[in-house]
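Let's walk through a protein model together. One of us asks how to read a feature, and the other answers with a case to look at.

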Amino acid sequence: MKDYYDSQETQSVEERELHLFSNLRDNLRQLRDKVPALQRQINDIDISTLTSREDLAQIPVVRKYELLNAQTQARQKMTDAKPGDEIERVFGGFSAVGWGQASRVFASPGPLFEPEVARTDYWRMARAMYAAGFRQHMLVHNCFSYHFTPAGSMFETAALAVGATVFPAGVGQTEMQVSVIQDLKPNAYAGTPSFLRIIIEKAEEIGADVSSIKHALFSAEAFPPSLQQWFKEKGVDGYQAYGTADLGLIAYETQAHDGLVIAEDIILEIVKPGTNDPVPDGEVGEVVVTTLNPDYPLLRFGTGDLSVMMAGQSPCGRTNRRIKGWMGRADQSVKVRGAMVHPDLVDKVVKRHMEIKRARLVVTGAMGKDELALFVETMGQPSEQLTQAIQESIKEFIKLRTDVVYKTAGEIKNDGLVIEDARSYE
């Protein structure tokens, strides 16, 4: 296992699925009565029937805005802070732990509140660090924030799990960062790529030596090939990790630099934005994650991020599936003529007509002069009857005057967009 964090990374597809769904059922049985939101989401589903991704798809997706609403509404309703009520009042009923069980609570933008317990590598980021070359006895210069958000703790607990030591540098104070790096000579860096570039450029400007940093794990920003090359020229071997404050690690880059390998201890799906429905492999959609976290068990949690499953296995030898990485946001709701139009409304129109292969609602026009068109690819030659039927569905679900425009096969891009806002705001 020298090249891999653990044996899970090279197990067969069948072993992995069996392991994931067995753990999922065990988790749900233990937590169903402890976690109010989980109980509401599962409703009357028989847990023993959840043996595959097809079974999982019958459970509704919980999206980030729903988690935020649940937390906000609970705080508004439960104005008195009584001991033991924080599972509902603070976490919206999604947590299994409260004060005294959670070692820390964090606030990410929203605000959304997330618990952390003292379990080793709670955010499961260690395998991403290992893949990036972080090893025992290294010193890691951690430039993620240590206040409010969990980013600093995510990467610190991961570094400790691989046997490294951490300098909690946090953000800002560039010249002090350079000075400490020159003195301590850390082997590795955790933080955003833009901040490490700032540190290196400042060091070059003042004649300081920060060349001890040979390994870097980046997150929270794009890491394009041009930036990868820049760091390579500076002697830094950089990798990216994709995660969220709610879920921890989702996927990570390996030495193959060919997509992001999905973390071993989550179930990741790609669904059509605004729906509960998984898309076929190769189609762009929203990243939906089920964690096996016994303390904060998010089930079919919609991240709001777009990505796509990649074909085949990574050349690095890890056998789990890969995603392309972050490809934009899935929340494409728009306000048109004073009304909100959501992706699920477009999906309802599409599902009404089996002839529709792919569709996209396009909003055009200048401010105050919105125009709507539903671009449609069909299985065969469209008919006047089909057009009339689609118009009736648009009237029922979208409730706004919308033209139907037929497109040839492949003309509508496979980029995950269900609603495209192409209006001019000049």
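What follows is a tutorial dialogue on helices, cores, loops and backbone angles.

Q: Before we dig in, what kind of model is this?
A: It's a predicted model, so keep that in mind as we go.

Q: How do I describe two packed helices?
A: You give the angle between their axes and the distance between those axes. The crossing of helix 11 past helix 12 is right-handed.

Q: Which residues make the contact between helix 11 and helix 12?
A: On the helix 11 side you'll find Leu 345, Lys 348, Val 349 and Arg 352. Helix 12 brings Ile 390, Ser 393, Ile 394, Glu 396 and Phe 397. Sort the contact of helix 11 with helix 12 by class and you get five nonpolar residues, one polar and three charged.

Q: Can we try another pair? At what angle do the axes of helix 9 and helix 10 cross?
A: Roughly 35 degrees, and the axes of helix 9 and helix 10 (residues 225-233) come within 12 Å. Here helix 9 passes helix 10 in a left-handed crossing. Helix 9 makes the contact with Pro 193, Leu 196, Arg 197, Ile 200 and Glu 201, while helix 10 uses Leu 227, Trp 230 and Phe 231. In this contact of helix 9 with helix 10, six residues are nonpolar, none is polar and two are charged.

Q: Let's talk about cores. How many residues does the largest nonpolar core have?
A: It has 55 residues, and Leu 217, Ile 250 and Leu 268 have the most contacts inside it. Several elements each supply at least two of its residues, including helix 6 (126-131), strand 8 (237-244) and strand 12 (285-291). The largest share of this core comes from helix 7, with five residues. There's also a second, separate core of 23 residues, and Val 341, Val 363, Phe 397 and Ile 398 are among them.

Q: What does Ile 250 touch?
A: Set aside residues up to four places away in sequence, and the partners of Ile 250 include Tyr 242, Val 261, Leu 268, Val 289 and Thr 303.

Q: Ala 131 lies in helix 6. Is Ala 131 buried or exposed?
A: Ala 131 counts as buried, because its relative accessibility is 7% and the cut-off for buried is under 20%. Not counting residues up to four places away in sequence, Ala 131 touches Tyr 239, Tyr 252, Glu 253, Thr 254, Gln 255 and Arg 318.

Q: How should I read the backbone angles?
A: Most residues other than glycine have a negative phi, and most peptide bonds are trans. Now look for the cases that go the other way. Phe 148 has a positive phi of about 65 degrees although it isn't a glycine. You'll find Phe 148 in the loop between strand 4 and helix 7, and Phe 148 is exposed, with a relative accessible area of 61%. His 257 also has a positive phi, near 50 degrees, and lies in the loop between strand 9 and strand 10. With 34% relative accessibility, His 257 counts as partly exposed. Just after helix 8, Lys 185 takes a positive phi of about 55 degrees.

Q: And where is there a cis peptide bond?
A: Check the bond that joins Gly 110 and Pro 111, where omega is about -5 degrees. Pro 111 lies in the loop between strand 2 (104-108) and strand 3 (112-116).

Technical notes. Residues are numbered from 1 along each chain as its sequence is written. This is a predicted model: local features need pLDDT of at least 70, side-chain atom pairs count only at pLDDT 80 or more; totals for chains, interfaces and linings use all residues. Side-chain values use heavy atoms; hydrogens and water are left out. A crossing is left-handed if the near helix is turned anticlockwise from the far one by less than a right angle, and right-handed if clockwise. Helices (H or I, at least four residues) and strands (E, at least two) are DSSP runs, numbered from the N terminus. Contact means heavy atoms within 4.5 Å. Ala, Val, Leu, Ile, Met, Phe, Trp, Tyr, Cys and Pro count as nonpolar, Asp, Glu, Lys and Arg as charged, and the others, Gly among them, as polar. A nonpolar core is a set of buried Ala, Val, Leu, Ile, Met, Phe, Trp, Tyr and Cys residues joined through side-chain atoms within 4.5 Å. Buried means under 20% relative accessible area, exposed over 50%, partly exposed in between (1.4 Å probe, protein chains only). Axes are lines fitted to C-alpha atoms, for helices over the stretch in contact, and angles run from 0 to 180 degrees between N-to-C directions.
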